[in-house]
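Subject: Structure handover

Hello,

Here is the structure I said I would pass on. Please look through it first; my notes follow below it.

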Amino acid sequence: MRSVSRAAALLLSLFVHALTLAFMAVGCWIIWANARLAVFWLIGLLLIGIGVLLLPRARRLPADAEVLGRSAAPELYAAAERVARAMGVEPPETLAVRDLAVATEVLRAGRRRVLLIGLPPWLVLSPRQRVVLLARAYAAEPDDGRIVGGALAGLAVWRESLLRGKEAPGRSDVHTRIGATLGSAGTPSGAYAGMGTMGRGLGAVLGLPVLALEWALTRLVQAARGDAAAEELQRVRRVATDAEPAELDGLLRDGRFLAPVQAAALRGQSAAEIRAAARDRTDAGDRTDTPEPEDGLLTAGASERIDAELSGHFARAIKGFGLIS
C-alpha cells in the first residue's frame, strides 16, 4: 500500500511540475508572438509569474538554527554518525542546534541533510535517551523528495497568493526573474501590477482544481507516511528496546521535562546544575536505569564531552527557556 501511495504521489507531483513549465513556456511564447500588444504582455507575464512562483525551492534552515562545525563538536558528530550507521542510514552532513525548539529532526536544506537538535530536551536526557532521540529523528526523516515536496510547496503558494490574496513568498523577486527570462525585451510600465490583478482572477477561476490537487497530494503523502509508521518503529528498535521509544515520546509530548527546567532557569541555575538535577529526578523515579548500549553508541564519558562542546550554546539557550510553551 505504501508503494502505491508513493507512486501515485510522484505521478501527481510530476503533473504539477509539468503545469509549472507549461505556464512559463506558454507565457514566453505569447509575449514573443505578440510583443507589440500590451494585453498580451499582461497575459504572458501572468503565466510566467505563476510558473516562477510554483518553481520548487530548496528548503532553508529555520532562522534560529545555528550550524555546528565538525571541529567545534567532534564528539557530537561522532555520536550522530554511530547511531546513523547502527540504524542503517547515511549520517547527516551537517549538525545544527536550536535554542528553544523541542523537536529533533532531520531535514534536507538544499543539497545537505541536516540534523537539527533541540537543546531543551537534549540538556536533560540521559546518554541512552539521547541515542533513542537520534534514532527517532533518523527513522522519521521524510522521504518525499524534492519532487513531491516542491509540488506541495507550489500548490500552497498558489492557494495562499492567488486564492486568498496573500503575498506569496519571494514575490518581490519574481519581477526580476521575469526580466531575466525575457532578456532585453523588458516589461511595459504597470505590467506587473496588472499581472497581479489578473492572477487573482485566474486563481478564483482555477481555485477548485488547485484545492483538489493539493488535497489529493496531501492525502497520498499522509497515506505513505502512515503506512511507514510500523517500519519506522522497527528501525528504531535496532538501537532501542520496545519500551524506550514510547517512554521518550511520552516525556517529550507531555512536556514533563519542561517545567522543572524552566523553574531552574528562572532560579539562575547553570546547565550543569540543571542536568545534575534531571539525573537526580531520574534516579529517584520508580524505574531502573537503562544500561548503556553494549556497542557504545554513546557512553557516559562521550555524553559529558558533548555537554562540554555545547556548554556555550546551553548557557545562551537557558536564558530563553521561559519563552517555551
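I start with Arg-316, which is partly exposed at 38% relative accessibility. Buried here means under 20% relative accessible area, exposed means over 50%, and partly exposed is in between (1.4 Å probe, protein chains only). Please note that this is a predicted model: local features need pLDDT of at least 70, side-chain atom pairs count only at pLDDT 80 or more, and totals for chains, interfaces and linings use all residues. Residues are numbered from 1 along each chain as its sequence is written, and side-chain values use heavy atoms, with hydrogens and water left out.

Salt bridges

There are 10 salt bridges in the structure; the term stands for a side-chain nitrogen of Lys or Arg within 4 Å of a carboxyl oxygen of Asp or Glu. Arg-316 is paired in this way with Glu-66, at 2.8 Å from N to O. Helices (H or I, at least four residues) and strands (E, at least two) are DSSP runs, numbered from the N terminus. Glu-66 is also partly exposed, at 30% relative accessible area.

Glu-75 and Arg-305 form another salt bridge, at 3.0 Å from N to O. That pair again links distant parts of the chain, with Glu-75 in helix α3 (residues 74–87) and Arg-305 in helix α14 (residues 300–309), 230 residues apart. Glu-75 counts as buried, at 17% relative accessibility, whereas Arg-305 is partly exposed, at 44%.

A further salt bridge holds Arg-136 and Asp-249, whose closest N and O atoms are 2.6 Å apart. Because Arg-136 sits in helix α5 (residues 127–139) and Asp-249 in helix α11 (residues 243–253), the pair ties together parts that are 113 residues apart in sequence. Arg-136 is partly exposed, with 26% relative accessible area, and Asp-249 is partly exposed with 25%. Through salt bridges that share partners, Glu-66, Asp-99 and Arg-316 are joined into one network.

Nonpolar cores

What does the largest nonpolar core hold? It has 51 residues, and those with the most contacts inside it are Leu-76, Val-83, Leu-115, Trp-122, Tyr-138, Leu-310 and Phe-321. Helix α5 supplies the largest share of this core, eight residues. A second, separate core has 18 residues, among them Phe-23, Ile-30, Val-148 and Trp-158. A nonpolar core is a set of buried Ala, Val, Leu, Ile, Met, Phe, Trp, Tyr and Cys residues joined through side-chain atoms within 4.5 Å.

Leaving out residues up to four places away in sequence, Phe-321 touches Asp-99, Leu-100, Pro-120, Leu-123, Val-261, Gln-262 and Ala-265; contact means heavy atoms within 4.5 Å.

Surface patch and a buried glutamate

Leu-10, Leu-11, Leu-14 and Ile-147 make up a nonpolar patch on the surface, with about 350 Å² of accessible area together. Patches consist of residues with over 30% relative accessible area and no salt bridge, like charges being joined within 9 Å and nonpolar side chains (Val, Leu, Ile, Met, Phe, Trp, Tyr) within 5 Å. Helix α1 (residues 2–33) gives the largest share of the patch, three residues. Leu-11 is in helix α1 and is exposed, at 59% relative accessible area.

Glu-214, in helix α9 (residues 207–227), counts as buried at 12% relative accessibility. Apart from its neighbours within four places in sequence, Glu-214 is in contact with Leu-155, Ala-156 and Arg-159.

Regards

Definitions and conventions: Areas by Shrake-Rupley, 256 points an atom, 1.4 Å probe, with all protein chains shown as cover.
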